[in-house]
Amino acid sequence: MYDYDLLVVGSANADLVVGVERRPGAGETVLGGDLAVHPGGKGANQAVAAARLGARTALLARVGDDGHGRLLRDSLRSAGVDTAAVLTGGAPTGVALITVDPSGDNSIVVSPGANARLAEGDVRADVLGAARVVSAQLEIPLETVAAVVRALPEGTRFVLNPSPPRPLPDDVLAACDPLVVNEHEARVLLGDEETGDDPADRARRLLALGPRSVVVTLGAKGALVCDASGVRAVPSVAVAAVDTTGAGDAFTAALAWRLGAGEELSVAAAYAARVGAAAVTRRGAQESYPTAAEVAALDA
């Protein structure tokens with residue numbers, strides 16, 4: 001019997017968000033609205049998103065001994081995330097600087113802080129073994145993600161969103177089931193020679209790199225799933241987007257949880273697309289994540 005449906009290994013940041021009429025170009029200053037501070041980071045976001053849906057969730061992360069770290073712990077606990085593996089110290093809590101324009105699109109700069117100190121030695125086999133599925137991202141050191149892969153117990157599913165994207169070792173790629181990317185991340189992983197505009201072709205090329213399965217998210221267009229049986233399209237739900245911050249994290253968390261519950265990849269991705277759609281209808285990242293009942297209402 002597993003203690004957790006999902007263990008997330010990843011980052012925890014304070015999101016400093018400013019609304020702007022348009023995002024600045026190089027060397028340009030624009031005026032924005034009032035600063036809002038929200039709990040965020042891809043790891044913490046995924047953990048909160050899964051917990052709000054009803055998954056038994058834990059987070060392995062590192063925060064600073066500061067106000068932002070306390071904000072994150074409080075947010076995680078209030079969502080029902082087990083924080084026993086959230087470590088403290090080494091550097092200030094990571095911070096993400098986010099601008100959001102009126103269409104809901106965002107630009108993000110991340111100062112990793114304590115996330116960069118989540119080390120290989122922090123990866124505990126007993127924590128990994130307590131989870132049905134382990135999910136990770138790349139706002140923590142790649143060496144730590146590789147250590148997670150090496151320590152995965154037999155039968156534990158590994159889901160990776162390589163964001164921010166960078167080349168991945170073969171053993172990390174081989175463990176991914178699935179590798180979850182947006183279109184930008186797909187292009188980076190495929191290299192500069194990949195110039196085509198066909199997402200299905202990208203999904204097949206990504207699968208050829210070695211993961212067991214691939215999911216390419218397409219925003220309002222839904223997603224594509226790809227495995228040995230081929231490429232399949234997954235629709236989304238039409239909504240009025242307010243803020244896309246953290247929507248990809250909500251998608252990945254929902255996908256990982258439903259895969260751990262035994263759903264087929266296309267079915268899990270379709271549910272994840274509805275979760276992501278619900279998340280963009282509200283501002284913020286963790287504050288925007290829906291409950292299972294709210295996702296069901298979106299379908300009605």
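Colleague: Before we start, what counts as a polar contact?

Modeller: A polar contact is a pair of N or O atoms within 3.5 Å; within protein, one must be able to donate a hydrogen and the other to accept it. This is a predicted model, and in it the side chains of E139 and S11 are joined by such a contact at 2.5 Å.

Colleague: Where does E139 lie?

Modeller: E139 is in the loop between strand 8 (131–137) and helix 4 (142–151).

Colleague: Is E139 buried or exposed, and which side chain of opposite charge is nearest?

Modeller: E139 is buried and has no salt bridge. The nearest side chain of opposite charge is K42, 5.1 Å away.

Colleague: What does the side chain of E139 reach on K42?

Modeller: It reaches the backbone nitrogen of K42, at 3.1 Å. Leaving aside neighbours within four places in sequence, E139 is in contact with several residues, including N13, G41, V110 and P164.

Colleague: Turning to salt bridges, how many does the whole structure have?

Modeller: A search finds 15. One of them joins the side chains of R232 and E264, at 3.3 Å from N to O. That pair links distant parts of the chain, 32 residues apart: R232 is in strand 13, while E264 is in the loop between helix 8 (247–260) and helix 9 (265–279).

Colleague: Which residues are linked with R232 and E264 in a network?

Modeller: D227 is linked with R232 and E264 in a network of salt bridges.

Colleague: Why does R232 count as partly exposed?

Modeller: R232 has a relative accessible area of 22%, and buried means under 20%, exposed over 50%. R258, by contrast, is buried because its value is 18%. R258 forms a salt bridge with E263, with the closest N and O atoms 3.0 Å apart.

Colleague: Now the sheet: in what order do the strands run?

Modeller: Nine strands form an open sheet in the order 5-4-1-8-9-10-11-12-13, with mixed pairing. Strand 5 (86–88) and strand 13 (230–234) are the edge strands, each pairing on one side only. From one strand to the next, the twist averages 20°.

Colleague: In what sense do strand 10 and strand 11 pair?

Modeller: Strand 10 (residues 176–182) and strand 11 (residues 214–217) pair in the parallel sense, over four bridges. V181 stands opposite V216 in strand 11.

Colleague: Which strands does helix 6 lie across?

Modeller: Helix 6 (residues 183–190) lies across strand 9 (157–161), strand 10 and strand 11, running at about 110° to strand 10.

Key:
Residues numbered from 1 in each chain as written. Predicted model: local features only at pLDDT ≥ 70, side-chain atom pairs only at ≥ 80, totals over all residues. Heavy atoms only, no water. Helix = DSSP H or I, 4+ residues; strand = E, 2+ residues; numbered from the N terminus. Buried < 20%, exposed > 50% of the residue type's maximum accessible area, 1.4 Å probe, protein only. Lys, Arg positive; Asp, Glu negative; His and termini not counted. Salt bridge = Lys/Arg side-chain N within 4 Å of Asp/Glu carboxyl O. Contact = heavy atoms within 4.5 Å. Pairing = 2+ DSSP bridges. Axes fitted to C-alpha atoms, helices over the stretch in contact; angles between N-to-C directions.
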